[in-house]
Amino acid sequence: MRIGTRESKLAMRQTEIFCERMAEVEPGTECEIVGMKSLGDIDLKSPLNQMSATGAFVRELDDAILRGDIDCSVNSLKDIPIDVDKDLRIVAMFPRDAPEDVILPCPLEDLPKGARVGTSSVRRVEMLKEIRPDLEILSLRGNIHTRLDRLDKGDFDAIILAKAGLDRMGIERPMAILDKDRFIPAPAQGVIAVECRADDDVTTASVRKLDDRTTRIAVSAERGIMKLMGAGCSSPVGIHAEVIRSEVRIVAVSYGYSETPRRVEKMLPIDHTVDDLLDIAEYLTGKRDTI
């Protein structure tokens with residue numbers, strides 16, 4: 001099986017995790033990892049929300065699957081656009097790792113007035129501005145190690161990263177976990193996903209064994225709300241869903257649709273409908289005043 005991935009250390013580690021799990025469900029599976037550079041890796045100057053290409057971190061991988069150069073690709077699901085190519089399928093979503101953001105090296109409330117905080121996420125920027133408007137927020141692009149190096153060099157007083165990436169890399173540093181009900185994660189944050197060609201029944205049958213139903217239910221709600229909002233990977237929106245017995249708890253926040261942020265906390269049945277998600281999406285986009 002030929003598996004495509006970005007060349008960053010984190011992407012490679014996530015692909016190694018995929019290979020390890022495939023070996024567990026299908027012993028003897030041979031994996032060939034094919035590293036590629038994405039537009040998002042090459043262009044480190046343009047803000048992600050202003051980059052013209054849809055799927056800045058996955059387009060090259062998607063094209064390689066469609067050409068038959070690779071059998072599947074391993075990605076962070078939050079980087080996969082909502083509208084997946086009609087000839088591709090997200091076949092597996094791994095059990096979700098930590099969904100939270102973390103701030104390094106200290107809690108947000110411990111930062112002095114005017115401290116320089118680095119992030120490339122418009123969602124994180126808006127949350128920081130809401131919680132700590134006194135901070136100086138600076139753009140920070142690059143992989144985990146590049147960002148940590150810049151923190152160590154003193155370019156920033158603090159940076160914000162996804163906890164799942166640090167955990168997967170085994171990186172232990174002074175940090176504080178940001179409350180996911182207040183500093184709401186990006187949709188699908190903490191989830192590794194595998195894409196395959198829609199007509200590749202052999203690869204799909206193998207990879208599907210790694211799909212986690214609980215994660216898929218939660219993430220499908222998050223991405224469903226995003227789609228109904230017309231939002232994308234770089235939109236200033238946080239959505240997190242969690243399956244609790246026979247219900248799905250959803251917390252969400254949106255910026256830029258009204259004068260003040262719009263926040264939602266709602267319990268839905270596990271077999272909720274599109275209309276249930278639409279109610280949340282319309283509230284977040286200001287199309288309705290109550291929910």
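**Figure 1. Strands β1 and β2 pair in the parallel sense over five bridges.** The model shown here and in the other views is predicted. Strand β1 covers residues 2-6, and strand β2 covers residues 32-36. Strand β1 is mostly covered, since four of its five residues are buried.

**Figure 2. An open sheet of five strands contains both β1 and β2.** The strands follow the order β2-β1-β3-β10-β4, and their pairing is mixed. The edges of the sheet are formed by β2 and β4; each has a single partner strand, so one side of each is left without a neighbour in the sheet. On average, neighbouring strands of this sheet are turned by 30° against each other, direction ignored. Helix α3, which comprises residues 59-67, lies across β1, β2, β3, β4 and β10. The helix runs at about 35° to β10, the strand of residues 192-197.

**Figure 3. One aromatic pair is found in a search of the whole structure.** The ring centres of phenylalanine 18 and phenylalanine 94 are 6.5 Å apart and the ring planes stand at 10°, so the pair is stacked. Phenylalanine 18 belongs to helix α1 (residues 9-25), whereas phenylalanine 94 belongs to the loop between β4 (88-93) and β5 (101-104); the pair therefore ties together parts that are 76 residues apart in sequence. Both phenylalanine 18 and phenylalanine 94 are buried.

**Figure 4. Strands β11, β12 and β13 form an open sheet with antiparallel pairing.** The order of the three strands is β11-β12-β13. From one strand to the next, the twist averages 10°. Strand β12, made of residues 247-254, is joined to β13 by eight bridges. Within this antiparallel pairing, isoleucine 250 has lysine 266 in β13 as its bridge partner.

**Figure 5. Helices α8 and α9 accompany the three-stranded sheet.** Helix α8 (residues 213-229) lies across β11 and β12 and runs at about 150° to β11. Helix α9 (residues 274-284) packs on the sheet, where it touches β12 and β13. The direction of helix α9 makes about 175° with that of β13.

**Figure 6. The largest nonpolar core has 21 residues.** The members that touch the most other members are Ile225, Met229, Ile239, Ile250, Ile280 and Leu284. Each of α8, β11, β12, β13 and α9 supplies at least two residues of this core. The largest share, six residues, comes from α8. Which residues does methionine 229 touch, not counting those up to four places away in sequence? Methionine 229 touches Val237, Ile239, Ser254, Tyr257, Ala281, Leu284 and Thr285.

**Figure 7. Alanine 231 lies in the loop between α8 and β11.** The relative accessible area of alanine 231 is 12%; because values under 20% count as buried, alanine 231 is classed as buried. Leaving aside its neighbours within four places in sequence, alanine 231 is in contact with Ile82, Met226, Val237 and Tyr257. The C-alpha atoms of alanine 231 and threonine 285 are separated by 9.6 Å, while the two residues are 54 residues apart along the chain.

**Figure 8. Histidine 240 has its place in strand β11.** Is histidine 240 buried or exposed? Histidine 240 is buried, with a relative accessible area of 5%. Leaving aside neighbours within four places in sequence, the residues in contact with histidine 240 include Arg96, Pro99, Lys180, Ile184 and Pro185. Glu222, Arg249, Ile250 and Val251 are also in contact with histidine 240.

**Figure 9. Arginine 262 lies over the face of tyrosine 283.** The distance from arginine 262 to the ring centre of tyrosine 283 is 4.6 Å.

Conventions
Residues numbered from 1 in each chain as written. Predicted model: local features only at pLDDT ≥ 70, side-chain atom pairs only at ≥ 80, totals over all residues. Heavy atoms only, no water. Phe/Tyr/Trp six-rings, centres within 6.5 Å; stacked < 30°, edge-to-face > 60°. Buried < 20%, exposed > 50% of the residue type's maximum accessible area, 1.4 Å probe, protein only. Lys NZ or Arg CZ within 6 Å of the ring centre and 35° of its normal. Pairing = 2+ DSSP bridges. Axes fitted to C-alpha atoms, helices over the stretch in contact; angles between N-to-C directions. Contact = heavy atoms within 4.5 Å. Core = buried A, V, L, I, M, F, W, Y, C linked by side-chain atoms within 4.5 Å.
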